[in-house]
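Please look at the sequence and the model as they come up, and keep both in view while I talk.

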Amino acid sequence: MSVHVLPSLRRFRVIPTLAVLGILQLAAVSLLYKNAHEFECDTYAPVFLCAGLSSAVLRAMCVLGIVALALLAYRDRAQSIRAALRTELPVFWLGVQFAGFILVLLPWTYIGPNASTPTVLWSFPVWITGGILAAVGMYFSAFQRDAWTEWKPLLTPVFLIAAAIAFFAPEIARQAENIWAFQPISYLTFNATENVLVLLGQQVYSEQENALLAVRDFAVLVGAACAGMEGFALITGFLLFYFTLFRDQLQFSRVWFLIPVGLAISWMFNIVRIVTLMLIGAHISPDLAAGGFHSHAGWLMFTLVSLGMVLTVNNISWFRREADRVQSPREPLPFWSDLTTAQIFPFIVFMMAGLVAQTLFSIPDLVYPFRMGLVALVVILFWPALRTLEWRVDPISIGVGALIGVGWILVAPDPSENSLELATALEALAPALLIGWIICRIIGSALIVPVVEELFFRGYVFRLLDRDDIKWRALALAVSSILFGVMHGRWWEAIIAGFIYALLVLRTGRIADAIVAHAASNIIIAGAAAATGAWWII
C-alpha cells in the first residue's frame, strides 16, 4: 500500500501539529460528553464500563505524559525512535485518525436523557473502536510503519511500571481512598480551611468531630478524603519518577529539597480548592460547585504543581549537574511575530477561557465580556504577525457571509433551558451592565470570534492539509469543516458554514476573505439577537 504524503512539512512540524490535533480532539470529547450532554451512564450500563470511559481522557493524558518524560530522559536510547519519526504527514493515517475521532463523537449525537439500555450498550463498541482507530492513526501519522521495533531499548522496568501506574491512575486513586485517613493532616486541613473562610468574611458553621463545614446552606465534609494526602501521594510519586528518569542530569543531593516544597504547595493548593468550592457552592451554584469545579479542580491543581516543579528544575542550574548546565542564554523566539503561532495560540486561549467559564460559572455566557477581553488582548499582542496577512474587503465574501448569517437565523432552534436561564439572568442586570454586556457580545461575535476561529480552522488546519491534490484537498475541507462544526452547538449548520468559508479561501488564497465572510455572518446574527433578545441563535 502506498501512502501519499505532504512534502512541505518537515519533521519538526509533524509532532507539534499532531500534538495540537490530539489536544483539540481530547478537549472536544471531554467538553461535549461532560459539559454538553444530559446523560447519566450509570443508569444504563455497568458501573465499571462507565467509570472506564469517563476517565479515558485523563488516562490517555497520564500515559502520554509518562512517555514524553521517558523520551526526554533516555536521550541515548531514544535516538533510534527519533530517527523513526516521519518527516512528512501521511494522508492515509491522518484519515484513519480522524475517522476514529468521528466514531468516538458519534454516540453523542443520538444518546440522550431517554436513551434505552441497548442503545447505550451498543455504543460502547463504537467508542472503543473509535478510540483504537484514533490512537493507531495518530501513532502511524507520527512514526514509520516499522518504528515499533525501535521502542525496545526504552521499555525498561521503570518505564513499564510507571506507564502501568499512569494507565490505572484513576482506579488506584479510587481504591486508595482509605489511605488518606491520617488524622493530624485532616484536622490541620479542616482548621486551615475554616480560618481562611473566616478571614474572607464568611459566616462559617463547623463541626470538627464530624468534619463538617458550612457556609449559608452549602456544606462540605472536610474529612480524610479532602485532607490533601492524595495530592501528597501524587506529587511524591511524580517527583520520584521524574528524578529517577533524569538522574544523570540532576544533583540528587539538592533535588530532594523539592519534595517537601512540593508537598507544602500541594497542601496549600488543596486549601484553595476547598475554599473556592465552598464559596462557589454558597454564593453562586451548589450544582456548579459539586459538578464542574469539584471534578476538575483537583487534577488541574496537581498539573500546575507538577509542571511548576519541572520548570523550576529546568530553569535553576543549581539543581543540575555541572556538565548539564547551560552556559549561554538562548535567544528568545519571535513569539508575537510568528504567524503560525498567531493562528494557534489565540484559539487555545479562546477555548481555555470557555472551559474556565463553564467550570466556575453556572451561566458561562454571563461572563462573556471577560472571556472576550482576554482573547482580544491576545489578538492585539499578535498584531505584528497578523498585519502581514493580505487584508481586503471583498464584496463577494461579504455577500456570502451575509447569506450564511440569514440562513443561520432562519433555522435557529428553540431556546434550551440554559438559554432561558441566561435570559433571566440578563433581565436581572442593571441597565448599564446589560448595555455593556450587549456591546461586548456584539463586538466579540462580530470581530473577535471570526478572527480567532478563521485563523485556526482555515488559516492553520485547512492550509496545513491542503495541497494541489484532490485527496488532500477533500481531506482539508472535511477536517477543517467538521472540527469547526464540533466546536459549535449547532454543528451541522456550522460544518456547512465552515465548508463555505474554506471555499472562499480556495477562491482567492486569502484567509482574510474567510474572516470577512465570518464577520458578516456574525454581524447579522448578533444584530438579530440584540434586536429580539434571542441570544441563543448566536
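Let me begin with a definition: when I say that residues touch or are in contact, I mean that they have heavy atoms within 4.5 Å. In that sense, and not counting residues up to four places away in sequence, Thr193 touches Leu213, Val222, Ile271, Ile274 and Val275.

Before going further, a word about where this comes from: it is a predicted model, in which local features need pLDDT of at least 70 and side-chain atom pairs count only at pLDDT 80 or more, while totals for chains, interfaces and linings use all residues. Residues are numbered from 1 along each chain as its sequence is written, and side-chain values use heavy atoms, with hydrogens and water left out.

As an overview, the protein chain has 22 helices and five strands, where helices (H or I, at least four residues) and strands (E, at least two) are DSSP runs numbered from the N terminus. Of the 538 residues of the chain, 45% count as buried, and by buried I mean under 20% relative accessible area, with exposed meaning over 50% and partly exposed in between, for a 1.4 Å probe and protein chains only. Among contacts between residues at least 6 apart in sequence, 77% join residues at least 24 apart.

Let us return to Thr193, which lies in helix H9, residues 183-199. Is Thr193 buried or exposed? Its relative accessible area is 0%, so Thr193 is buried. The side chain of Thr193 also reaches the backbone oxygen of Thr189, at 2.8 Å.

E3, E4 and E5 form an open sheet of three strands in the order E3-E4-E5, with antiparallel pairing; two strands pair if DSSP finds at least two bridges between them. Strand E3 (204-207) and strand E5 (218-221) each have a single partner strand and stand at the edges, so one side of each is left without a neighbour in the sheet. On average, and with direction ignored, neighbouring strands here are turned by 15 degrees against each other.

Taking the pairs in turn, E3 and E4 are joined in the antiparallel sense over four bridges, and Val204 has Val215 in E4 as its bridge partner. The hairpin of E3 and E4 has four residues between the strands, and in it Ala211 takes a positive phi near 55 degrees. Strand E4, residues 212-215, is joined to E5 by four bridges, again antiparallel, with Leu212 standing opposite Leu221 and Ala214 opposite Ala219. In this second hairpin, which has two residues between the strands, Arg216 takes a positive phi near 55 degrees.

In a regular strand the side chains alternate between the two faces of the sheet. For E5, the covered face carries Phe218 and Val220, while Ala219 and Leu221 are on the uncovered one. Helix H12, residues 258-283, lies across E4 and E5, running at about 155 degrees to E5; axes are lines fitted to C-alpha atoms, for helices over the stretch in contact, and angles run from 0 to 180 degrees between N-to-C directions.

Helix H19 (residues 431-465) and helix H21 (residues 491-508) pack at an angle of about 65 degrees, and their axes are 11 Å apart. Which residues make this contact? From H19 they are Glu454, Arg458, Phe462 and Arg463, and from H21 they are Gly498, Tyr501, Ala502, Val505 and Leu506.

Asp466 has its place in the loop between H19 and helix H20 (470-486), and with a relative accessible area of 18% it is buried. The side chains of Asp466 and Arg473 are joined by a polar contact of 2.7 Å, a polar contact being a pair of N or O atoms within 3.5 Å, where within protein one must be able to donate a hydrogen and the other to accept it, and residues adjacent in sequence count only if both atoms are side-chain atoms.

Finally, please look at Leu18, which is found in helix H1, residues 11-35, and counts as buried at 7% relative accessibility. Its C-alpha atom is separated by 7.5 Å from that of Ala142, 124 residues apart along the chain.
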